[in-house]
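These are my notebook entries on a structure that I went through chain by chain.

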Amino acid sequence: MFNLDNSTMIWHARLEGELTIYHAFELYQALSSANMGEAPLDLDLGQVSLVDSSGVQLLVLLKKVFARHHQELRIVTCSEAVKDAVGLFGLNGFFGLTAVPVTKGTSE
Amino acid sequence: MSMDAALITYVEECRELLEQMEGDLLALERGLDTSDDSTTETEDDNEIAWCELINRIFRSAHTVKGSAGVFGLDHIVEFTHEVETLLDQLREEKITLTSSLIATLLECKDHCLDLIECLADGVEEESNPQRAERLVNELQTFSPPAEKDNQSFAVSESNNNESPAIERLGNNGSGHWHISLRFHAEALREGMDPMSFLRYLQKLGQIVSVVTVSNEMPDNFEKFDPEACYLGFEIGFVSHESKQTIEDVFEFIRDDSQVRIIPPFAELESYLSLISELDQEPRRLGEILVECGSLTPEELEQALAIQSSKPQHALGEILINRGNTAPQVVEAAIAKQAQSTAGRSQNEDRAASKDGGTLRVEADRVDELINLIGELVISGASTAIHSQDSNNDALTESVSTLNELIEEVRDASMRLRMVEIGATFNRFQRVVRDVANELGKQVTLSITGADTELDKTVVEKIGDPLMHLVRNALDHGIESPAEREAKGKPLNGQLKLNAYHDSGSIVIEIIDDGAGLDAERIRAKAIEKGLIDSTYELNKEDIYKLIFAPGFSTADAVTNLSGRGVGMDVVRNNIVELGGRIDIDSEQGKGTKLTLHLPLTLAIIDGFLVGVEESPFVIPLDSIRECVELQQDDAVEKNGRQYMNLRNEVLPFVRLRELFGMKTERPIRENVVVVHYGNQKAGIVVDRLHGELQTVIKPLGQLFSQLQGIGGSSIMGNGEVALILDIPTLMQLVKDKQPHHVIH
Amino acid sequence: MTLPIEKATADLTPQQKQDVSEEANQYLTFRLRDEMYAIGILRTKEILEYRPITQVPMMPDFVHGVINLRGAVVPVIDLAMRFDGARTKIRKRSCIVIVEVEGNNGRQDISIIVDEVSEVVSIPAEEIEPSPSFGTRIRTDFIAGMGKLEGDFVIILAVDNVLSVDELSRLEGSGNDAHAKALPFEPKTQSPDDEDQPDSDTMHIETDSDTDQ
């Protein structure tokens, strides 16, 4: 669900469930849109239960796409799983995750 | 994109490793026996061989464990860890090798294999906890007292004695390793998740810092493949583990991905070469190395200064000019680097060169290749026909050269499926040991011709029949030590497996020096069982063949070894189904020799092409005795029987056109192909004989699975499909139609 | 586990999404005697000109034989024979359609002979009615539905049932048909459709254009 907040012109999106190779293609299809990156995006990852390398990779891609458009991609909430995976890859700084609140216990 | 691919590789690799481990353990055991008998001059040699064996056993256990860790198979890690610990103590000579220790280790190997087989069936947990516990306890009784509660992963640092000097500089104790990884694009799809590698590393030490490298990744959606892997990592890692242990983590990706491991206190140049090898902006990578804590900023500056002042590949020069390394060390270092570029450790390279450099390829891919080449042969043949019709000599010439090449390519590709029979033979070492122990017999198995090659599909199918024959030889052939002593034979029975090639087929011999076959007893038994009439005059060979008759068993009491509900008749049928046969030669009191003749491959047969109406049929050449013209005068047809007089012999025959319900009138001239199966002979009457051909067998598929008399199909030079007759079932069909006792 | 993303309405769903469902609505139509039939386009792999078929003996009559499809041996089913026991006559426009069939043992290619391939049409799901429970000329479990096409109905075939390998191979075992043929001295049994059957020579005459060497 991508919602454009008309007042701020910021997209809001929430990913939930598993960001894994088994869903990588679906996710990629859902995310790949022509105007992705034309407005800033606030990403809510608070309900992500599982992340593997393909998931992190997809997030890196998003970040790169937004960087190319000089737009900001912010992770506004993240789950333990996301924090853990991003941390393992040493990408906390890249995603600016250090200050992001972590939701305890995910949806499942 | 399934997780399965990686696991399947793991399972296969483990099977191989465990098999090797078993062979090595048995070799140790044999060594133990001989050194008991004679403590003589070869002891030093033995010593060396022993060390190597123990090392190899250790490495096998270690790899099974290490890879299990990557997959998070904790139960396997846990169990193999215990085994590994003990093996390590053995290696360091803290404990001595005894036959009971070997027996326990063999059982441990069996348990590991069970775990792996369970894994193959999708069970990812301990299948037999009681046994695991018992074995672990047993293992611990062998440990020296001080080491009984060994908690850490005990891997010694001393196994690196083959590493070149440069690496030794600082490889003792803890240190800061640098690991550089570039995963190959298919890693994710193959189930190799970089994240699990990092998590496993965390178990072996502390990841000080990780820098994820994603240069390869596009920055737009169009070029991005969500299932491809674009990731690379530069990892600073502190660990006490040996280089081997750390390298083993990456065992599964080493072939396709780039893995570089720089040990603690390595020369600056190792980093320098890392920088130059990775296709990346040097300064940026250098900064990453600093970020990882692997280099200090000063060291980086120094390294870059050296690099920029020298041409790209003059690493050696740099080293020597700096004056702190001897030339031979430089050579070793360069060699080392060259190897790590190829993603291999020195150890593995050695192993590979011993195996003649092997490449693991899925059997499906080879089959596909062979299929395509089969196609190539077919279109080559039709091109040849066209070129001959064109009367263009130059064209004909070059097409014929082309076809010769194609045939060579076909032969070469068939060789890809060829494997040595040694692995199959070696499996029997254990069988012979266990069965002989159980029977209280002393048997030595010797193997010759282990390097004889045959098609993988044949190898897979002869395992069971061979097993049965070997067990049978142990059970009924070789006598107990007491009997042997009474007969004045050496106490130790000899069983021999031999293989060799003979005119397009492979011959396997199973020879024992046991009691031999008692022709009179077999005959009496066959009569008793109603298999033959008491008036039959049979020669020795025919009598021996009776043991393959259904319902025959020579042992008066069926033991639980060979009497597993499978008779020798089943064994023979298995062999015959493969297009092979068994011969028996035996001398009472001296021993028995079973000779198996098998085709080298199941994918290609030598056939004989015949025609009925417009339809071509292929008859396997090895089932053909002769071809004659049907003399109508000699053919008798009455009471639903058809037979002919073949040189005063009664030969039953069948017309293929009638059997197959073909409707046209039969031609004036007909031909008889005399075929045989076992000791039965029959004639198959066809319209035309076309001649011999070698042809690739194509299965007809499930739809025709119930079809009898036809075994497969083959595509001919003109693209038409010819059916291949299956002589055994065809003869059965004919026999069913005929009144009794006609075919003999 | 749920699909992690709810799809946006505004900017997502590009063309690709549509494509999959569109293909699912497409059918290959063909004529067999006087009837039009359809098979989902996703199930049809290839259409070949008629070519000589290698007969496989001792099989039920609707198993016409096998052909060589670029090195793979593919069975050929006489669909008309399977439906009502009358052999298809081979004509100029006869074609062989390779169909992918899903069975207990995975997918398999099976080919069928049709009188004429017509076209690929799009039949939206709402234009498809369930198969009538009676009054059809062929077995109802062979029919996946009746598609409305320009005021007419086409029979959409349930290929996995029509060409069920499990059923076909079983039939062959039970058919005493095969048995009878195998008896060398039985008088030749005349099946009712024998007079319908063109002998193999005529088949070759009409079709040798594509296979001469």
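**Entry 1: a residue in chain A and the cores**

Contact here means that the C-beta atoms of two residues, placed from the backbone, lie within 7 Å.

I note that this is a predicted model, in which local features need pLDDT of at least 70, side-chain atom pairs count only at pLDDT 80 or more, and totals for chains, interfaces and linings use all residues. Residues are numbered from 1 along each chain as its sequence is written, while chains are lettered from A and ligands numbered from 1 in the order in which they are written.

Next I asked which residues have the most contacts inside the largest nonpolar core. They are A:Val56, A:Leu62, A:Val82, A:Ala85, B:Leu87 and B:Val210, in a core of 107 residues. This core takes at least three residues from each of domain 1 (4–154) and domain 2 (159–354) of chain B; the domain bounds come from an automatic or database domain assignment. Another core lies apart from it, with 83 residues, including B:Phe653, B:Phe660, B:Ile715 and C:Val101.

For the terms, a nonpolar core is a set of buried Ala, Val, Leu, Ile, Met, Phe, Trp, Tyr and Cys residues joined through C-beta atoms within 7 Å. A residue is buried if 20 or more other C-beta atoms lie within 10 Å of its own, exposed if 12 or fewer, and partly exposed in between, with C-beta atoms placed from the backbone. In soluble globular proteins, nonpolar side chains tend to be buried together.

**Entry 2: chains A and B in outline**

I listed four helices and five strands for chain A, in the sequence pattern β-β-α-β-α-β-α-α-β. Helices (H or I, at least four residues) and strands (E, at least two) are DSSP runs, numbered from the N terminus. Of the 108 residues of chain A, 47% are buried. Among the contacts of chain A with a separation of 6 or more, 79% join residues 24 or more positions apart.

Chain B has 24 helices and 22 strands. I found 35% of its 744 residues buried, and residues 24 or more positions apart make up 70% of the chain B contacts with a separation of 6 or more.

**Entry 3: single residues**

B:Arg199 sits in helix H7 (residues 194–204) of chain B. Is B:Arg199 buried or partly exposed? B:Arg199 counts as partly exposed because it has 17 C-beta neighbours inside 10 Å.

I then looked up residues other than glycine with positive phi. B:Glu613 has phi near 50° and lies in the loop between strand E12 (604–612) and strand E13 (615–620) of chain B. B:Glu613 is buried because 21 other C-beta atoms lie within 10 Å. C:Met58, with a positive phi of about 60°, is in the loop between E3 and E4 of chain C. C:Met58 counts as buried, since it has 23 C-beta neighbours inside 10 Å.

**Entry 4: the sheet of chain C**

What is the strand order of the open sheet of five strands in chain C? The order is E3-E6-E7-E5-E4, with mixed pairing. E3 and E4 of chain C stand at the edges with a single partner strand each, so one side of each has no neighbour in the sheet. The twist averages 35° from one strand to the next; axes are lines fitted to C-alpha atoms, for helices over the stretch in contact, and angles run from 0 to 180 degrees between N-to-C directions.

I went through the pairs, where two strands pair if DSSP finds at least two bridges between them. E3 (residues 44–49) and E6 (residues 95–103) of chain C are antiparallel over five bridges, with C:Ile47 opposite C:Val97. E6(C) and E7 (residues 106–114) of chain C are also antiparallel, joined by nine bridges; they form a hairpin with two residues between them. Across this pair, C:Ile96 has C:Ile113 as its bridge partner, and C:Val99 stands opposite C:Ile110.

**Entry 5: where chain C touches chain B**

I looked up the contacts between these chains: 30 residues of chain C touch 37 residues of chain B. On the chain C side, the elements giving two or more residues are strand E4 (63–69), strand E5 (72–78), helix H4 (165–174) and helix H5 (176–182). H4(C) gives the largest share, five residues.
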